[in-house]
Amino acid sequence: MVMPLDMFSEIVTTPFMQRAILVGMCIGVVGPLIGSFLVHREMALIGEALAHTAFAGVAIGIVAGTQMDWGGSPLFVALAVVILAALGLQYLSTHTDAYGDVPLAILLTGGFALGIAVITWGVAFTAQIGQYLYGSILAVSWTSVYLMFALSVVVISIVLVTHKQLLMITFDREVARASGIRVAAYDTILIVMTAIVVVGAMQMLGAILVAAMLVVPVAAAMSLTASFYRSIWLSIGVGELMVLLGIFLSYVFDIATGAMIVLVGIGLYLVALAIGR
Amino acid sequence: MVNDVILSLDDVSFGYGDEPVVEEITFSVERGTFLGLVGPNGSGKSTVLKLALGLLTPEDGEISLFGEHPSSDDVRSRVGYVPQRGSEIDRRMPITVEEVVTLGRVPTAGLRPLRRNDRERVNQALRRVGIESLNDRRMGSLSGGQRQRALVARALAADAELLVLDEPTVGIDANARSSLYDLLDSLHHDGMTIVLIDHDLGTLVEHVDMIAQLNRHLEFFGPRDAFLEELSVVGQLAGGW
């Protein structure tokens, strides 16, 4: 019988698991960090909408790779497409009279539709596309690790500089405007950071599950503390636990990693709810 | 007291589409004034405040705040604003009283980290409104009156010279209302300029020294005593203000 310690040793010495753990640990920090500002603005579903658009970007990247011999990672195309979509979403939200979730629903369905259209036009549904849809640790290359690490450094640096303004807008948008805070500019910064995190995390978690890293750790942390900043630290702790425990259990039970991470996260959320009551 | 003008509106009009909300409003607020903005529902009181704060742009007329355009960055950090739905903040959001009051330092601090001086101003503001013992409490767990004090403390932490409050007594009990007015009186006594909207006209006129009465147009502007003399306040109250 394989003991948990042996299994742990096996996991941390296997190269593809090492890459998955490194990427996962980055996601465990930046997902809840950005999610803390999104959830309290009631924008929890924005990650889901952007992830579906990222799927369209990945599809374009894969088709470009197969039909035009482009050798770059589809994630780079996804990053460009998602940032454009994020800016488009903000434009729709501020320049139309639609309810707040209508542009989200349009982006979510439109992004996914575009992805499917591009794939069915350019290539057949391949295993590679499935990896981006459902997530796969086998797909995590060293390029993905470096990309995720670089994106995480960018996101953390921006939050370190702008967290006061982001919190002020999150808590009271009108007072922030009255105080001279450039609300639209900070909204753009937040939505672009969200796009970056979504693209960075989708290879491991998949387009369908990636939003969970923005929402579940934050939801777990918010019932455990009275402080916004302590809730960020707690949510990062929950995020790391989600990722590491999820990867470990997915290896042990041979279950899809993205799904296991989300299920572990929901378990932690329920525990946090019970403790917070 | 130096009688310099902090806020002036000159022939200001504003509407949504073809629907005028306020028309030809002209008045000014001198430093150290405690001004009450009164009028029935829909008379344009909140709109006038938002115009004065640069949150809305007038269709006609000129507005000057500290001698500059209200949307100028230089003047916005000199105004402390407690909005109408201040007592209806999201109770689910984890944020402590101290974190809320610290937000008052954000316009001054900009992107730099907060310094010891900023922390001191926050602590002074908490003490000034009498809620220093609540500093680590979740904002959503406070009573309505305590929340309003915290929002006033946020404005004080910003070193505001003009305090603007839009119906701060909505949703709070009589004791908390009385206590909040005592705080505003005390701040006014210390030289703070205050502009206040409150539906409770009877209480408001006991505390302010100037009144602006709106009903789309400015119907009265002047000292409180002249307002009481000109209008039968008792009659107005019986009329259901």
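In which sense do strand E1 and strand E4 of chain B pair, and over how many bridges? They pair in the antiparallel sense, over 5 bridges. This is a predicted model, in which local features need pLDDT of at least 70, side-chain atom pairs count only at pLDDT 80 or more, and totals for chains, interfaces and linings use all residues. Residues are numbered from 1 along each chain as its sequence is written, chains are lettered from A and ligands numbered from 1 in the order in which they are written, and side-chain values use heavy atoms, with hydrogens and water left out.

**Chain B as a whole**

- Chain B has 10 helices and 9 strands. Helices (H or I, at least four residues) and strands (E, at least two) are DSSP runs, numbered from the N terminus.
- The radius of gyration of chain B is 18 Å. That agrees with a compact globule of 241 residues, which would have a value near 18 Å. The radius is taken over C-alpha atoms, and the globule rule is 2.2 Å times the number of residues to the power 0.38.
- Along the principal axes, the C-alpha atoms of chain B fill a box of roughly 50 × 40 × 40 Å.
- Of the 241 residues in chain B, 53% are buried. Buried means under 20% relative accessible area, exposed means over 50%, and partly exposed lies in between (1.4 Å probe, protein chains only).
- Chain B exposes about 10,400 Å², and carbon and sulfur atoms supply 45% of it. Accessible areas come from the Shrake-Rupley method with a 1.4 Å probe; for residues, only the protein chains shown count as cover.
- Among contacts in chain B with a separation of 6 or more, 67% join residues 24 or more positions apart. Contact means heavy atoms within 4.5 Å.

**Strand E1 of chain B and its partners**

- E1(B) covers residues 5–16, and E2(B) covers residues 19–30. They pair in the antiparallel sense over 8 bridges. Two strands pair if DSSP finds at least two bridges between them.
- E1(B) and E2(B) form a hairpin with 2 residues between them. Gly17(B) in the turn has a positive phi of about 65°.
- Phe14(B) stands opposite Val22(B) in E2(B).
- E4(B) covers residues 60–65. Its Ile63(B) stands opposite Leu9(B).

**Ile6(B)**

- Ile6(B) is found in strand E1 of chain B. Its relative accessibility is 0%, so Ile6(B) counts as buried.
- Ile6(B) and Ser64(B) are 58 residues apart in sequence. In space they are 7.8 Å apart, C-alpha to C-alpha.
- Beyond four places away in sequence, Ile6(B) touches residues including Val29(B), Ser64(B), Phe66(B), Leu162(B) and Thr193(B).

**Surface and loops of chain A**

- Leu224(A), Leu234(A), Val271(A) and Ile275(A) form a nonpolar surface patch, with about 340 Å² of accessible area together. Patches are made of residues with over 30% relative accessible area and no salt bridge: like charges are joined within 9 Å, nonpolar side chains (Val, Leu, Ile, Met, Phe, Trp, Tyr) within 5 Å. A salt bridge is a side-chain nitrogen of Lys or Arg within 4 Å of a carboxyl oxygen of Asp or Glu.
- Leu234(A) is found in helix H11 (residues 228–253) of chain A. Leu234(A) is partly exposed, because its relative accessible area is 34%.
- Glu42(A) lies in the loop between helix H2 (15–39) and helix H3 (46–68) of chain A. Its phi is near 60°, a positive value in a residue other than glycine. Glu42(A) counts as exposed, at 61% relative accessibility.
- Asp254(A) is in the loop between H11 and helix H12 (257–276) of chain A. Its phi is near 55°, again positive in a residue other than glycine. Asp254(A) is exposed, with a relative accessible area of 72%.
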